[in-house]
Amino acid sequence: MNSSQLADVAPRERLIKGEKNWWFIGPRGIARLQDEHLDAEGAVLPRVERSLRDQGLFEVPAYDSYALTVLTSTDCNLGCGYCFQNTEQDPSGGNRPPRIAHARLTPETTTSLLEFTDARMAEAGLDKLTILLFGGEPMLNPKGCRDLLSRAADHGLVSASMVSNGTLLTPLLAKELADLGLSSVQITFDGDREVHDHIRIKRSGGGTFDTIIANMAKVSAVTSIRWSLRVNVSHHNHTGLDKLVEQLGEAMDTSRCNIYFARVGDVGVGYENELLHTGLLADSFLRWQRRALELGFTVARPRAQAPCQTCSFREGRFGAVVNADGVLASCWETAGKPGLEVGTTATGYLPSAETEGRWQSCEDFYRFSDEDRGLASFQNTVDAALLDHLSAVGRL
Ligand code: SF4
């Protein structure tokens with residue numbers, strides 16, 4: 001595969017204003033620019049752009065592996081009110097919101113999805129495979145996870161990651177999965193201990209903060225799994241996030257964790273977030289990121305606007321999402337949703353006339369109450385401040 005294959009959904013470079021200079025963020029790297037490098041309209045001068053091109057900053061990296069996401073179980077033991085797999089809020093006001101239909105990955109479906117993946121990889125000209133174990137909660141089907149990873153070894157598997165709520169991840173299970181290629185796990189936090197325990201709550205009742213932290217510590221002791229910590233930000237929890245960063249810093253080996261903060265939106269299930277993308281919120285993001293860096297966490301550098309390998313391309317071109325029953329989806333968010341199926345692993349993708357309107361990408365879903373332009377400007381403010389900070393502390 002070469003980068004020209006990405007031309008239709010290529011990453012877009014960004015130019016954002018920092019405190020003392022401009023930051024150019026290209027698909028391949030970041031450069032510092034001054035006012036004299038821009039014209040009166042704020043565009044990069046042609047000679048400067050040529051120089052950035054010569055440095056390779058505009059080059060679009062080609063995908064070197066096929067990205068397969070597999071839901072191993074659509075069930076979940078938690079009842080988060082904002083979950084995009086809820087079909088509505090719990091009518092009784094409790095923590096058991098109705099979810100997408102039950103499905104569980106079986107050995108037969110694994111056979112079918114690996115055959116399907118072989119064909120997609122051949123078409124994409126890729127011989128390496130990465131797998132994302134997804135749910136529901138993937139650890140509700142540990143056998144399915146083990147079976148998939150062990151059999152994928154013969155289909156080019158080079159690495160695997162998992163999105164898990166962390167409550168069921170035992171050291172034994174993590175060790176088995178790590179031996180089969182699992183190298184990183186994404187875990188979400190929803191506020192400091194007290195607030196998290198009200199939001200990320202078990203369907204059977206009870207908080208999860210201490211269990212997650214204890215499981216991560218035990219798993220870290222027996223594997224080299226790295227952690228990606230997602231911190232949801234909403235009007236419910238933002239005042240406690242300084243405390244959360246301290247709690248995580250105390251409990252974790254921060255050198256094995258990256259952390260990022262994301263404003264959680266409503267996917268249409270009635271979970272509204274009243275927190276707007278204001279300057280005050282941008283200040284909070286920067287404060288959390290700076291403290292996380294001081295504590296030894298990794299905070300990812302801002303990136304160019306990149307397509308999603310899995311859902312920005314149709315018909316499984318560079319990646320695919322497979323529900324636990326073998327039904328194909330356009331992205332994580334549509335998996336298991338009636339009327340949004342785009343095929344099955346056994347029969348392939350449906351004809352395009354039947355799937356028009358079903359090719360939705362993850363970013364299509366989240367509704368925020370302020371405008372897109374406000375969101376972009378918020379992101380630019382946060383990213384410019386982070387780059388200013390990384391530069392000031394000599395980490396850029
Ligand atoms: S843990 Fe994840 S899958 Fe489970 S309810 Fe919460 S958001 Fe949904």
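I began with Gly136, which I located in the loop between β5 and α3 (142-152). The model is a predicted one, and I kept that in mind for each entry below. I then checked the backbone at this glycine and found that the peptide bond from Gly135 to Gly136 is cis, with omega near 15 degrees. As a reminder to myself, most peptide bonds are trans, and most residues other than glycine have a negative phi.

With that in mind I looked up Glu315, whose phi is near 55 degrees, a positive value in a residue other than glycine. I placed Glu315 in the loop between α8 and β10.

Strand β2 (residues 22-26) runs antiparallel to β3 and is joined to it by five bridges; in one of the pairs I looked up, Trp23 has Arg32 of β3 as its bridge partner.

The other sheet I looked at is also open, with ten strands in the order β9-β8-β7-β6-β5-β4-β10-β11-β12-β13 and mixed pairing. Its edge strands are β9 (257-263) and β13 (348-349), each of which pairs on one side only. At the β13 end, strand β12 (residues 343-344) is joined to β13 by two bridges, and the two run antiparallel; here Thr344 stands opposite Gly348 in β13. I also recorded that helix α2 (residues 107-124) packs on this sheet, where it touches β4 (66-71), β5 (129-134) and β10 (319-322), and that the direction of α2 makes about 160 degrees with that of β4.

Last, I compared notes on two helix pairs. Helix α7 (residues 241-251) and helix α8 (residues 279-294) pack at an angle of about 15 degrees, with their axes 10 Å apart, and α7 and α8 are therefore roughly parallel to each other. Their crossing is right-handed. The contact draws on Leu241, Asp242 and Val245 from α7 and on Arg287, Trp288, Arg291 and Ala292 from α8, which gives four nonpolar, no polar and three charged residues.

For helix α4 (residues 171-179) and helix α6 (residues 209-222), I found that the axes come within 9 Å and cross at roughly 45 degrees, and α4 and α6 are therefore oblique to each other. The crossing of α4 past α6 is right-handed. I listed Pro171, Ala174 and Lys175 of α4 and Lys218, Val219, Ala221 and Val222 of α6 as the residues that make this contact, and by class I counted five nonpolar, no polar and two charged residues there.

How values were computed:
Residues numbered from 1 in each chain as written. Predicted model: local features only at pLDDT ≥ 70, side-chain atom pairs only at ≥ 80, totals over all residues. Pairing = 2+ DSSP bridges. Helix = DSSP H or I, 4+ residues; strand = E, 2+ residues; numbered from the N terminus. Axes fitted to C-alpha atoms, helices over the stretch in contact; angles between N-to-C directions. Parallel < 35°, antiparallel > 145°, perpendicular 65-115°, else oblique. Left-handed = near helix turned anticlockwise from the far one by under 90°. Contact = placed C-beta atoms within 7 Å. Nonpolar A, V, L, I, M, F, W, Y, C, P; charged D, E, K, R; others polar.
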